[in-house]
Amino acid sequence: MTGTPEAPGTAQEPPKKRSKIFRWRAIVPLVLLVILLVVGWILLLDTLVERGVEKAATAIVGAKVDVEEADVQLDEGAVVLRGLQVTNPDQPMKNLFEAREIVANLRVGPLLEKKVVVETLAVRDVRFGTDRTESGAIDNPSPESRRLWREVNAWADQIRIPPFSLEGIGRAVVNVDAISPDSLATLAHARAAVALADSMRTTWEQRIQALDPRPQIDSAQALVVRLQNANPAQLGIQGVTQLVTTSRSTLENVTQLKDRIASLDDQVRDGVGDLRSYVQEFEATKDADLAYARRLLNIPSLDAPSVSPALFGETAVAWLKPVLYWVKAAEEYLPPGLDPRRRSGPKRARASGTTVQFPGRATYPKFLLEHGEAQLAIGGEGVAAGNYAALLQGLSSAPAMTGPMRIFAERTEAAEGPRQLRLSALLDHGQQPIRDSVALFLAGVSLPSVDLGAFGGTLNLGTGTSDFSLARNGDQIAARLFWSSRSIQWERSAAEAAAAANAEIGSTAWAKDLLWRTLAGLNQVDVDMKLSGSLDRPAVSVSTNIAQAIAQSLRRALGEEIDRAEQRIRAEVDRLVADGVQRAQAAVSQLIAELPPEVAAFNTEIGQVEQLLQDEIGKLTRLPGGIRLPGGR
Amino acid sequence: MYALIKLIQSLVKALNSEGTPGQVAVGMAMGSALGLTPVANIHNILILGAAMVLNVSLPGVFLGWALFLPLGFALDPVFDEVGRALLLDTPALSGLFSTIYNTPVLALSNLNNSIVLGSLVGWVVLFFPIFLLCRGLVTLYRRTVYQRLRHMKVFKAVQASKVYNWYKMFRP
């Protein structure tokens, strides 16, 4: 080790001997290394499972999932997870749910295929909506989760919640000059209708000009007359043959012309249909303009359907956002069919790449919970305390292999809180179109508080019922969340109460006080929130009995004043759009009156000429007794 | 740490005192797998095991690992493309990958990941060129650089130190 080594390639090199291929002395260290790896793996297995569950669940939920401890008994195929906390992605300081212990019995064989098949699952001591000691938000959610939340947030951001303001309500000052004609949708629509009519007129006239049917029709009519006067005996066989040949050529031209005119006629009919639809939309655009003008003048709508979204729109969006996320996530993680699936690879120092799953020839999917009978004991003194029985069948990452997934849950014994809980779900992701249906009914559940800023107070919904249903068919979704409570509390801020005491009649504070007294008289609140339409951009609708009460109360107190203001606005909007609408209607009516009849007349006329030509050719080529002359068909 | 270094040194001394340029080059080519492909995968354990059992230079393996590690990071986009092409755009191979994905133990190989597959294929393709290149470079080193270095005082001092053990793999 310390001596000077021999220089490579010197004269005193020992004779070369054949190198051995195997280094048998390394077998022992190698075996020791393998044993070391296996022992290390066994020792670290609990930690690996803990981290694996946290990682996979975090990727699905899109927020932090913590496992306090994992205990794996490979020989028994048992995995026990303790202290599971799943963060609510929308409220990082709250848990979606927390479970004290989850016991799963696994099939060991599929683990060698990196697949998890859970035979039975028991979840104990579950609590919902618990507080977290630290935020569960994650900086880098999985690409799938990030994309889903981006889509859901983009959808939520484009929803316009109409404002509800009582400013100036008592005075009802109407300054119609504030309504800008440039901002009126009806005028823009009218201009577009005129442009569309002009464009259609130009196109159709050019096509009629290009077809130029009149000379051909006249020529064909002349030929019909000639055929009617033709005498086969005088013409002879050659003359008849020539005449028939000429007639057939004309007939072909006439048929082609007829097809072209028929095509134009169809186009004109479609165009006329479009124009009529366009004109019919004026009513809708006028309504939109009226709503715009009302917003401009701070005059609240007295229609209950307009008040409901203003009061509960934000609440509805906040509660329906997770619904949309989970529906999309269910499709993402439980996709239909057996085609290869792409997922982003594991996070590591190297690039993650793409991991492709090939469920096609598999015996088991990547994840399967065959049959879970869970006894959910929700402890403590919270409203959810009690025992629940849940049954879950066929939760699988490849539903095409395992069939629909079913979930049922029912409260068997109530310690506190909800008297009743019923959950049923059927997720049919075997093939397209995907069909999901979920129904969750809770009675005696704690409902949230809703900020009613426009009235200077808060509505605490207290304990009531929550009825949730969801139906998805392909890309169509219909979800409904209905809250009903009889134990409501109206909480008004001290400042608002003080302002109301000295309020001048007709002032904003007076209007707020008026409405607050109306609301305080209500002892039941129903809120119905709906999500419907295409999964990409579903529409949200909200209705509540509070809105009806507010609308009625406002109508009683301010109805005449606001009606007068609305009439002035309506008159002003009508005045501003009248000319434009009239011009558009005139342009469309004129076009519809002129060109379509002309095209239709050509179509009829050419059809008649074609028929006459066919008849005359037939007569000329058919002798008595069914004998046909040359050229006859 | 010292004990670990001593252990490695003694392992090197015991297992690899007769390293020829060919043995060093094979070791480096095998070690390049650890650098080119994501290290925490079954194929790397097999390669490491093979390197221990076969009479190749173990320090060469570690040198190959160290040398090719940055290259592996740099080539990740290429490996990703290769892997995706094989996994997703080659219908003829989908049956093979489906079988691998659904076969016990083989499924643990992570060959369904584009980076793992692409880099492994890349390493297989580059194995022989790496071997030839390394063998040429080691031979050249021993004929030229080593001859000059061996007379330098610093080098003699290094030779006397533990660090020299790492250079022993270049000895004939």
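Modeller: In chain B, buried residues make up 38% of the 172 residues, where buried requires 20 or more other C-beta atoms within 10 Å of a residue's own, exposed means 12 or fewer, partly exposed lies in between, and C-beta atoms are placed from the backbone. This is a predicted model, in which local features need pLDDT of at least 70 and side-chain atom pairs count only at pLDDT 80 or more, while totals for chains, interfaces and linings use all residues. Residues are numbered from 1 along each chain as its sequence is written, and chains are lettered from A and ligands numbered from 1 in the order in which they are written.

Biologist: What pattern does chain B follow along the sequence?

Modeller: Chain B reads α-α-α-α-α-α-α-α-α-α, with 10 helices and 0 strands; helices (H or I, at least four residues) and strands (E, at least two) are DSSP runs, numbered from the N terminus.

Biologist: Why is α2(B) described as largely enclosed by the rest of the structure?

Modeller: Of the 16 residues of α2(B), 15 are buried, so the helix is largely enclosed by the rest of the structure.

Biologist: What makes the span of helix α2 of chain B close to the expected one?

Modeller: The expected span is 1.5 Å times one less than the number of residues, and helix α2 (residues 21-36) of chain B, with 16 residues, reaches 22 Å from its first C-alpha to its last, close to the 22 Å expected.

Biologist: Why is α5(B) called roughly perpendicular to α7(B)?

Modeller: The axes of helix α5 (residues 76-88) of chain B and helix α7 (residues 114-143) of chain B come within 7 Å and cross at roughly 100°. Axes are lines fitted to C-alpha atoms, for helices over the stretch in contact, and angles run from 0 to 180 degrees between N-to-C directions. Angles of 65 to 115 degrees count as roughly perpendicular, under 35 as roughly parallel, over 145 as roughly antiparallel and the rest as oblique, and therefore α5(B) is roughly perpendicular to α7(B).

Biologist: How do you know that strands β1 and β2 of chain A pair?

Modeller: Pairing needs at least two bridges found by DSSP, and 8 bridges join strand β1 (residues 65-73) of chain A to strand β2 (residues 78-88) of chain A, which run antiparallel. These strands form a hairpin with 4 residues between them, and Gly77(A) in the turn has a positive phi of about 65°.

Biologist: How many bridges join β2(A) to strand β3 of chain A?

Modeller: There are 10 bridges from β2(A) to strand β3 (residues 91-106) of chain A, again antiparallel, and a hairpin joins β2(A) to β3(A) through 2 residues.
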